[in-house]
Amino acid sequence: MNAKQLAELGTKLHSDKRSLNSLWQEIAANFHPERADFTTTRYLGEDFAANLTTSYPITARRDLGNQFGTMLRPASRNWFHIKRKFDNEKEKDLEIREVLEYFEKVQRKAMYDPPALFNRATKVGDHDFASFGQACLSLELNRQGNGLLYRAWHLRDLAWQENAEGQIGFVCRKWKPTMLTLSQTFGKDALHDDWQRKVEKEPFSNGNVLHLVFDAEMYDENSKGRPRWSIYWDADHNQIIEANPIWGKHYILPRWSVMSSQYAYSPA
């Protein structure tokens, strides 16, 4: 497949997901009103939960979402460990164990560095997970390339499909950045001529971008041995802004209970 076909696939997945967005809107209106903008536009200063007659549903969701972080990511102790994928018997060797423990400390320091926004992103993800049965986080280097950056994304803007092995093999995120943000992120020369002019004249106008992350075998180009591609697609002019083969998944999509589709639901 070429980049245009992949962008068309992403657009189709978003179109197929419209009825699910309506369901999530209804769930959010009752349990997570801060997220109740799947099918409506929310304006600054608009009252949350004005439609509810009781706060019990919101309180129940809030307690469950807060409990996820308390149980799974206690800040007072190490809640993850780095291990070798194979030959775990060798980890009994003192020298190897010391090296792995050092890597754990480095990883933890990078994750909890305040500019990485780990706590903020996972907090949002916990409550999306409790409400809708899934959440979307992203992990990447920051713009300076000297630290990690975690972000939580609205499920409204995400669509995905599974590969032949039941893993998420294609993710499409809708993004509407300003011209100034696009210029700062990709460089002015990477943008279409119309957008380059808008950078000068209308820097705070918005463009339509699709971010595609997918398994390397879906794309015609050589991935140089890397398992996935990341493509930023200019949906206004149907052209690539940036395309890079990547090692990581970029998007982290925990799913609670998956039944008959690629989207999960919350038993809560």
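Hi everyone, let's start with Phe-38: this residue has 7% relative accessibility, so Phe-38 counts as buried. A quick reminder before I go on: what we are looking at is a predicted model.

So what does Phe-38 pair with? Its partner is Phe-132, in an edge-to-face arrangement, with the ring centres 5.2 Å apart and 75 degrees between the planes.

Across the whole structure, a search turns up 19 aromatic pairs. One of them joins Trp-24 and Phe-132, and here the geometry is tilted, at 6.0 Å centre to centre and 55 degrees between the planes. Again, distant parts of the chain are linked: Trp-24 lies in helix α2 (residues 18-31) and Phe-132 in helix α5 (residues 118-132), 108 residues apart. Trp-24 counts as buried because its relative accessibility is 2%.

Let me finish on the surface. There, Asp-93, Glu-95, Glu-98 and Glu-101 gather in a patch of negative charge. Take Glu-95 from that group: you'll find this residue in helix α4, which covers residues 94-111. Is Glu-95 buried or exposed? With a relative accessible area of 59%, Glu-95 is exposed.

How values were computed: Residues are numbered from 1 along each chain as its sequence is written. This is a predicted model: local features need pLDDT of at least 70, side-chain atom pairs count only at pLDDT 80 or more; totals for chains, interfaces and linings use all residues. Side-chain values use heavy atoms; hydrogens and water are left out. Patches are made of residues with over 30% relative accessible area and no salt bridge: like charges are joined within 9 Å, nonpolar side chains (Val, Leu, Ile, Met, Phe, Trp, Tyr) within 5 Å. Accessible areas come from the Shrake-Rupley method with a 1.4 Å probe; for residues, only the protein chains shown count as cover. A salt bridge is a side-chain nitrogen of Lys or Arg within 4 Å of a carboxyl oxygen of Asp or Glu. Lys and Arg count as positive and Asp and Glu as negative; His and the chain ends are not counted. The place of a charge is taken as NZ of Lys, CZ of Arg, CG of Asp or CD of Glu. Helices (H or I, at least four residues) and strands (E, at least two) are DSSP runs, numbered from the N terminus. Buried means under 20% relative accessible area, exposed over 50%, partly exposed in between (1.4 Å probe, protein chains only). Rings of Phe, Tyr and Trp (its six-membered ring) pair if their centres lie within 6.5 Å; planes under 30 degrees apart count as stacked, over 60 as edge-to-face and the rest as tilted.
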